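This report walks through strand pairing, helix packing and some backbone geometry, in that order. Please keep the sequence and the coordinates at hand while reading.

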Amino acid sequence: MPMYTLRKKLMYKDKVILGFETSCDETAIAIMKDSKVLVNKISSQVNIHERFGGVVPEVASRAHSEMIRNLFHTSLNEAQLELSDIDIVASTDGPGLVGSLVVGYNFAKSVAWSLDKLFLPVDHMVGHLSAPLIEHPQLNPPFLSLLVSGGHTQIVLVEEWGKYELLGTTIDDAAGEAFDKLSRYCGFGFPGGPAIQKISEGGNESKVPLPRPKTVGEFDYSFSGLKTAAIYYLQDLKHEDEVSRKDFAASYQEAIVDSLMGVFEKAVKETNVPTISGGGGVMANKRLREKLGTFAEKDGLNLYIPSPSLSTDNAAMICSAAQMNLTTTDLNINDVRLSSIIN
């Protein structure tokens, strides 16, 4: 281990990291000490946005403002810590909904300023990339990560911590967005991914012939055409009982998962990495996790993915990303970004 990295590990050993995540509709606060999560609190806004069929930005930011202070004090109490015990404060600074981000970022920065402590802005997607470390500290580069969420679908090659290569992304809708939009159209519920997964249980995933879209970019994704094909299929039905909700949901879910896995498997073979990983809200999908597990076992790969609760937006992953940067790289935290190579 290089002497510089060793000094950093010793410098930040046993430090208490306070993390904030408010990039969309989850108000999340976590506290981590020496890689151990002491508290990981999440206040969901699902009940607020459910009647709209999607997240309303202005409503989300107001809900964050109303919740964050109480959640902050609750987190400290559950961790049995005083404010003075905090050593480092980290917060998501993008990508995400601007109004939501501002609430968490400014609150976190104010806490750091009041304590005269180090403040670290963290890229949201690097947070998802780092989430597996919480439960799988043995995850080491090089590895390939499949990041799938409501706003992003990416294949990222991690050559070393802090050095990322974006191999593929979506050219239109993200996988999570495809779940949400179709679910809203069908009245399945919100958020779309969990709603469709629940309805699809026991369904015939090959009942409805849906496409697996291809793109010009070898490792890119496209889901808008799949969503449109599914809607056209429903519109062309002469009788509603020609296909059950269960079979339709299972077929649509299978088409999304097949599309994700087909491109990802090609990327794994191309890069010849020994380890694969993943993150993002769609990584909580049971069918996707099953197929990743089967693929890893068949090809003799190491697979490290976060549990479903750590796949969706949470602040523990922000703490993990901050600690990863502080202890394993010599980069400035502002340089460790995925969004900068997306835009």
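## Strands and hairpins

Strand β2 and strand β3 (residues 36-44) run antiparallel and are joined by 8 bridges. The model in which this pairing is found is a predicted one. Within the pairing, A28 stands opposite I42 in β3, and the bridge partner of E26 in β3 is S44. The two strands, β2 and β3, form a hairpin with 2 residues between them, and D34 in this turn has a positive phi of about 50°.

On its other pairing, β2 meets strand β1 (residues 16-21), again in an antiparallel arrangement, through 6 bridges. One of the pairs here links V16 to K33, its bridge partner in β2. A hairpin also connects β1 to β2, in this case through 4 residues.

How many of the 8 residues of strand β2 are buried? For β2 (residues 26-33) the number is 7 of the 8, so the strand is largely enclosed by the rest of the structure. In a regular strand, side chains alternate between the two faces of the sheet.

A further set of strands forms an open sheet of 5 strands, which has the order β8-β7-β6-β9-β10 and mixed pairing. Because β8 (163-169) and β10 (302-304) stand at the edges, each with a single partner strand, one side of each is left without a neighbour in the sheet. Neighbouring strands of this sheet are turned by 25° against each other on average, with direction ignored. Inside the order, strand β6 (residues 143-148) and strand β9 (residues 275-279) run parallel and are joined by 4 bridges; in this part of the sheet, L146 stands opposite G278 in β9.

## Helix packing around α10

Helix α10 takes part in two of the helix contacts described here, one with α9 and one with α8.

The axes of helix α9 (residues 224-236) and helix α10 (residues 245-271) come within 11 Å and cross at roughly 160°. With angles over 145 degrees counted as roughly antiparallel, α9 and α10 are therefore roughly antiparallel to each other. The crossing of α9 and α10 is right-handed. On the α9 side, the contact is made by L226, K227, A230, Y233 and L234, and on the α10 side by F248, Y252, A255 and I256. Sorted by class, this contact of α9 with α10 has 8 nonpolar residues, no polar residues and 1 charged residue.

How do α8 and α10 cross, and which residues meet there? Their axes come within 7 Å and cross at roughly 125°, an angle that makes α8 oblique to α10. The handedness of the crossing of α8 and α10 is left-handed. From α8, the residues I196, Q197, I199 and S200 meet R245, K246, A249, A250, Y252 and Q253 of α10. By class, the contact of α8 with α10 has 5 nonpolar, 3 polar and 2 charged residues. Y252 of α10 is listed in the contact with α9 and is also listed in the contact with α8.

## Backbone geometry in the loops

Most residues other than glycine have a negative phi, and most peptide bonds are trans.

| Site | Backbone value | Loop |
|---|---|---|
| G94 and P95 | cis peptide bond, omega about -5° | P95 between β4 (88-94) and α4 (98-115) |
| F190 and P191 | cis peptide bond, omega about -5° | P191 between α7 (175-186) and α8 (192-200) |

Are Q80 and D116 buried or exposed? A residue counts as exposed when its relative accessible area is over 50%. Q80 has a relative accessible area of 74%, so it is exposed, and D116 is likewise exposed, with a relative accessible area of 71%.

Note on methods. Residues are numbered from 1 along each chain as its sequence is written. This is a predicted model: local features need pLDDT of at least 70, side-chain atom pairs count only at pLDDT 80 or more; totals for chains, interfaces and linings use all residues. Side-chain values use heavy atoms; hydrogens and water are left out. Two strands pair if DSSP finds at least two bridges between them. Axes are lines fitted to C-alpha atoms, for helices over the stretch in contact, and angles run from 0 to 180 degrees between N-to-C directions. Angles under 35 degrees count as roughly parallel, over 145 as roughly antiparallel, 65 to 115 as roughly perpendicular and the rest as oblique. A crossing is left-handed if the near helix is turned anticlockwise from the far one by less than a right angle, and right-handed if clockwise. Contact means heavy atoms within 4.5 Å. Ala, Val, Leu, Ile, Met, Phe, Trp, Tyr, Cys and Pro count as nonpolar, Asp, Glu, Lys and Arg as charged, and the others, Gly among them, as polar. Buried means under 20% relative accessible area, exposed over 50%, partly exposed in between (1.4 Å probe, protein chains only).
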